[in-house]
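Student: I would like to take a close look at one single part of this model, please, and to go through it slowly.

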Amino acid sequence: MRTLLFTAIFVASSLSAMNLIDEAKNSGLKPLPKDQKGVEEILKSNGIKASYFDLRKVELGKKLYFDPRLSKSGIISCNTCHNLGLGGADGVSTAIGNKWKENPHHLNSPTVYNAFLNNVQFWDGRAKNLADQAKGPIQSEPEMATPAKLAVEKISSLPEYVKEFKQIYGKSGVSFDNIADAIANFERTLITPSRFDAFLNGDEKALSNDEKKGLRLFIDKGCVACHNGVNLGGNMQPFQVAGKYKFSNLGDFKGDANGMVKTPTLRNVAETAPYFHNGAIWKLTDAIKEMGSVQLGINISNKDAESIETFLKSLTGVKPKIIYPQLPASTEKTPLPQF
């Protein structure tokens, strides 16, 4: 009798898990691709243009990602605001850039992990791919403050870089487009598969019962309306749909021309506090409750917020192993840092 009861419970639990997997997929949630071929398929289906993937570009892009000489001051790199040891973000409310000044719009640095799979880049969605996005911070005065011409001059002054660019890009060699393309190819490898991906791929035991409860609440409350797709975000959505964000006056960012804002990815969200475009909320459960009020027009209880948080923590993925690169030595031709 006990054996039959145990079997019935096991079967019911298994069917419930499978139903939840189907429900999650039907709600628009998708697992991360397992390889670069899978990345290519997602980019194509989303209409995102990207150059051909090349492991040589990846290695070159990794150096450039960590090279502070791409900044005017010579002390800020891509990794400064998108620290790969800090969830791909910087852990502060607003990005700090050239001359140690805060971002003038009080914008928070989004994570770079899995960012290649976002439908759009930047909080206002003005870039369609990471190669275009990479050009922005390098040239932006409040960030790295390096005009394209100076960036090319700096990289061209380093024979090791010149040789690599020629081998990979041929006659075009060191150009601003190729600098951005190499960085984008490196960022394309920053994919973090999680237990949630294993669950979506059919592993019923990949999530605990508490995480499954949180996932069901995440779906039932309507969070998936904005946080969907492979990145559980990364698309443009209207903001303050049902109510006013209580920190809306912090900074002057109001979204794009239509008031649309890029929905942040929820992958590794437990590691990327503070939250929202202006980094005003530090506690994940507070962010969940604020979203319920602002976007869904509902009151999410502390208990439900904690349950959803439990699910969101299952989105913390395995990070690729990154060995800090040894960078080419500066030469007499390398432009000096400017402060």
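Student: Which residues does Arg-267 touch, not counting residues up to four places away in sequence?

Tutor: This is a predicted model, in which local features need pLDDT of at least 70 and side-chain atom pairs count only at pLDDT 80 or more, while totals for chains, interfaces and linings use all residues. Residues are numbered from 1 along each chain as its sequence is written, and side-chain values use heavy atoms, with hydrogens and water left out.

Arg-267 lies in the loop between strand S2 (260–262) and helix H11, where helices (H or I, at least four residues) and strands (E, at least two) are DSSP runs numbered from the N terminus. Leaving out residues up to four places away in sequence, Arg-267 touches Lys-30, Pro-31, Leu-32, Asn-114, Thr-192, Ser-194, Asp-197, Val-230, Asn-231, Leu-232 and Leu-315, contact meaning heavy atoms within 4.5 Å. Arg-267 counts as buried because its relative accessibility is 1%; buried means under 20% relative accessible area, exposed over 50%, and partly exposed in between, with a 1.4 Å probe and protein chains only. Met-236, by comparison, is 31 residues from Arg-267 in sequence and 17 Å from it in space, C-alpha to C-alpha.

One of the residues that Arg-267 touches is Ser-194, which sits in the loop between helix H8 (176–187) and helix H9. Ser-194 is buried as well, with a relative accessible area of 9%, and, with residues up to four places away in sequence again not counted, Ser-194 touches Arg-267, Ser-314, Leu-315, Thr-316 and Gly-317.

A nonpolar core is a set of buried Ala, Val, Leu, Ile, Met, Phe, Trp, Tyr and Cys residues joined through side-chain atoms within 4.5 Å. The largest one has 33 residues, and those with the most contacts inside it are Leu-29, Phe-196, Leu-215, Phe-218, Leu-232, Phe-311 and Leu-312. The elements that give two or more residues to this core are helix H1 (2–26), helix H9 (195–200), H10, helix H11 (284–296) and H12. Leu-29, leaving aside its neighbours within four places in sequence, is in contact with residues including Phe-196, Leu-215 and Leu-232. A second, separate core of 30 residues includes Ile-76, Val-112, Tyr-161 and Ile-179.
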